[in-house]
Amino acid sequence: MKKTTLNNLITCGMVLAFFAIFGGLSAAGILGNKLSGLLVPIGIYIILSVSLNLTVGILGELSLGHAGFMCVGAYMGGIFSTIMQNVITVSWIRMIVAIIVGGLGAALFGLIIGIPVLRLRGDYLAIVTLGFGEIIKSIANNIYIVSDKNGLHFSFANAVNPDIIDEATRQDIMKGPLGINAPQDTNLLLVVIVLMITLVVLMNFIDSKSGRACMSIRDNFIAAQSVGINVTKYRLSAFVLSAAFAGVAGVLYSHSITSLVSKKFDYNLSILILVFVVLGGLGSLRGSVIATVILYALPEIFREFSDYRMLIYAIVLIFMMIFNNSHASEILKEKVSALPIFKKRSANAAGGDSK
Amino acid sequence: MSFIQYLVSGLSLGAIYALIALGYTMVYGIAKMLNFAHGDIIMVGGFTAFTAISSAWCPVWLSVIISIVVCTVLGVVIEKIAYKPLRNAPPLAVLITAIGVSYFLQNAALLIFGSDSKNFPSVVKNAPPFMLVYENSGVKFFTSPVDTADKLLLTISMETFVSIVVSLVIMAALTFFINKTKAGKAMLAVSEDKGAAQLMGINVNATISLTFAIGSSLAAVAGVLMCSSYPLLNPYTGSMPGIKAFVAAVFGGIGSIPGAMIGGILLGVIEQISKAYISSQLSDAIVFMVLIIVLIFKPTGILGKKINEKV
């Protein structure tokens with residue numbers, strides 16, 4: 001068996017084992033309500049962080065707009081299921097279609113945004129993706145959709161004119177800043193299935209010709225160009241794929257909470273996901289998974305220290321970054337490099353350095 | 001309200017953005033890092049001034065000075081503790097550390113001051129607004145409210161006036177400092193080539209500390225001015241202006257000092273005009289849209305230098 005295949009299987013196995021153990025504990029009632037409630041968001045955040053790792057780790061471009069693509073998926077999927085609630089009554093079929101709609105919608109946005117954005121590089125690319133994320137959030141904040149017997153009424157920036165709505169059959173679908181209330185169709189099993197599909201697709205992409213092309217662009221843009229790699233095509237394909245999975249995560253997210261508001265999708269969310277990716281190790285999907293589970297669960301578990309937990313989180317973040325790049329950690333890494341889990345991480349960290 | 005009125009309020013907001021953007025651009029130029037914590041220094045400046053003004057004994061001018069000193073020290077300390085060990089680390093590691101510092105400052109402020117917004121007392125509380133009134137004989141100045149509403153051309157509040165004047169003075173002083181003094185030239189040299197600057201006998205560490213000190217003191221001034229004009233102060237006050245100023249710095253060409261000034265002022269004017277004439281909720285989206293359009297046609301910003309990558 002190839003080494004990468006084995007590594008990928010280990011990662012998938014770890015994720016499955018994690019969700020099987022904790023899902024089982026939660027079903028048996030041992031885990032308690034608070035921790036059980038964390039499993040679905042953890043799954044969603046893993047999808048987000050592994051998909052962002054494709055842009056940041058494999059493609060080597062800093063994207064600060066991942067929450068924007070999640071927002072597109074969340075709203076498109078949410079609006080779709082709200083409208084189709086009475087047409088497709090089987091919730092899981094509706095949800096699958098919603099996931100496809102949201103994913104394709106986000107991919108389309110990724111394509112539209114990617115074409116101009118990928119002309120830029122480095123910090124300029126970062127700020128423009130941040131800008132697009134904020135634009136998507138602001139626009140979503142201003143859309144109003146109402147359905148009645150005559151069909152759908154759209155409005156932008158102002159609520160739909162009440163005179164044209166038939167009050168008897170009125171249904172508010174999207175209420176501007178108040179967002180949408182999508183049906184609660186997300187469950188843990190669905191999240192785990194989608195997560196596994198995401199991991200398999202991303203692993204195959206990374207190990208394919210396209211993935212290797214992206215990594216060569218990351219390591220040396222000009223050299224990649226000079227050996228005839230179609231830089232724009234591969235950069236765009238990785239960016240769009242990353243956006244599509246962010247959209248899928250968004251659909252799962254919007255169907256897991258009762259009320260979705262666009263405020264949630266600001267740059268702080270993008271930065272949170274970026275923190276997961278960087279601390280997990282650039283280019284390492286397994287690292288992203290581990291970092292997401294730990295960093296998402298820790299502040300929630302330590303809620304008793306409510307006021308201090310985010311302060312501690314910040315301090316831990318700073319010292320982890322300093323330690324990670326210090327001489328002491330080099331020695332430590334050499335000592336533990338016999339363990340397979342660290343082997344991959346340090347190899348990838350070296351790849352990240354040469355960026 | 002007239003177009004000129006919006007223009008003036010845009011200029012005043014833009015001047016504040018420019019002050020913050022200067023800090024971003026100087027730190028970027030010299031340390032090649034995006035200092036995400038810069039926005040939160042503004043918040044610290046605001047809270048320090050707020051605490052000082054609220055205590056009865058402290059006159060306003062002294063509170064402003066205290067705030068500047070606290071932020072300057074804070075900026076240098078942050079650089080020494082968090083950024084200096086990472087000077088040779090990959091840029092993303094430094095970025096995440098800066099995000100960590102930003103979380104730290106926000107949550108420390110949250111612990112000390114609570115999450116509810118404080119009402120910041122204006123630093124020029126009792127000063128009357130200027131009024132420009134258009135009459136047959138020409139434009140006239142009034143410093144007290146006059147009852148000529150139909151001919152009123154322009155009202156400039158003292159906050160707006162002070163923001164614009166203070167920012168312009170600081171920018172002029174900074175331009176002089178960087179181009180004419182030894183320390184300023186050392187900063188330019190370090191941002192051009194750190195290794196070569198060291199060989200020429202420039203103390204690189206001291207220069208970087210100086211850059212952080214200047215950037216943070218500018219952020220303190222910006223914090224006081226901003227809180228005087230828009231008096232709500234909470235632990236997250238600094239983050240959106242910080243991001244906008246970052247946009248302004250990129251807009252003008254990151255690393256370029258005149259670029260940050262132009263970018264900041266343009267951004268403030270665009271934001272206020274679009275708030276007035278298009279939509280107040282969409283003004284942020286419009287600001288980012290303009291940035292994206294500029295960057296697509298001029299990928300290194302308005303005054304940014306185009307660097308050709310060599311193999």
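Before the first helix pair, one definition: axes are lines fitted to C-alpha atoms, for helices over the stretch in contact, and angles run from 0 to 180 degrees between N-to-C directions. Keep in mind that this is a predicted model.

Start inside chain A. The crossing of α3(A) and α4(A) is right-handed. Who touches whom? On the α3(A) side, the residues include A:F69, A:V72, A:G73, A:M76 and A:F80. They meet α4(A) residues, among them A:M95, A:A98, A:I99, A:G102 and A:F109. By class, the contact of α3(A) with α4(A) has 11 nonpolar, 7 polar and 1 charged residues.

Next pair, still chain A. Helix α10 spans residues 267-280, and helix α11 spans residues 285-301. Their axes come within 7 Å and cross at roughly 125°. That makes α10(A) oblique to α11(A). Handedness: α10(A) passes α11(A) in a right-handed crossing. From α10(A), the contact uses A:V275, A:F276, A:V277, A:L279 and A:G280. From α11(A), the partners include A:G287, A:I290, A:A291 and A:L295.

Now the two chains together. The contact takes 38 residues from chain A and 37 residues from chain B. Which helix of chain B gives the largest share of the side that touches chain A? That is α4(B), with 12 residues. Helices α4, α9 and α11 of chain B each supply at least two residues. On that side of chain B, the count is 30 nonpolar, 5 polar and 2 charged.

Terms used: Residues are numbered from 1 along each chain as its sequence is written. Chains are lettered from A and ligands numbered from 1 in the order in which they are written. This is a predicted model: local features need pLDDT of at least 70, side-chain atom pairs count only at pLDDT 80 or more; totals for chains, interfaces and linings use all residues. Two residues are in contact if their C-beta atoms, placed from the backbone, lie within 7 Å. Helices (H or I, at least four residues) and strands (E, at least two) are DSSP runs, numbered from the N terminus. Ala, Val, Leu, Ile, Met, Phe, Trp, Tyr, Cys and Pro count as nonpolar, Asp, Glu, Lys and Arg as charged, and the others, Gly among them, as polar. A crossing is left-handed if the near helix is turned anticlockwise from the far one by less than a right angle, and right-handed if clockwise. Angles under 35 degrees count as roughly parallel, over 145 as roughly antiparallel, 65 to 115 as roughly perpendicular and the rest as oblique.
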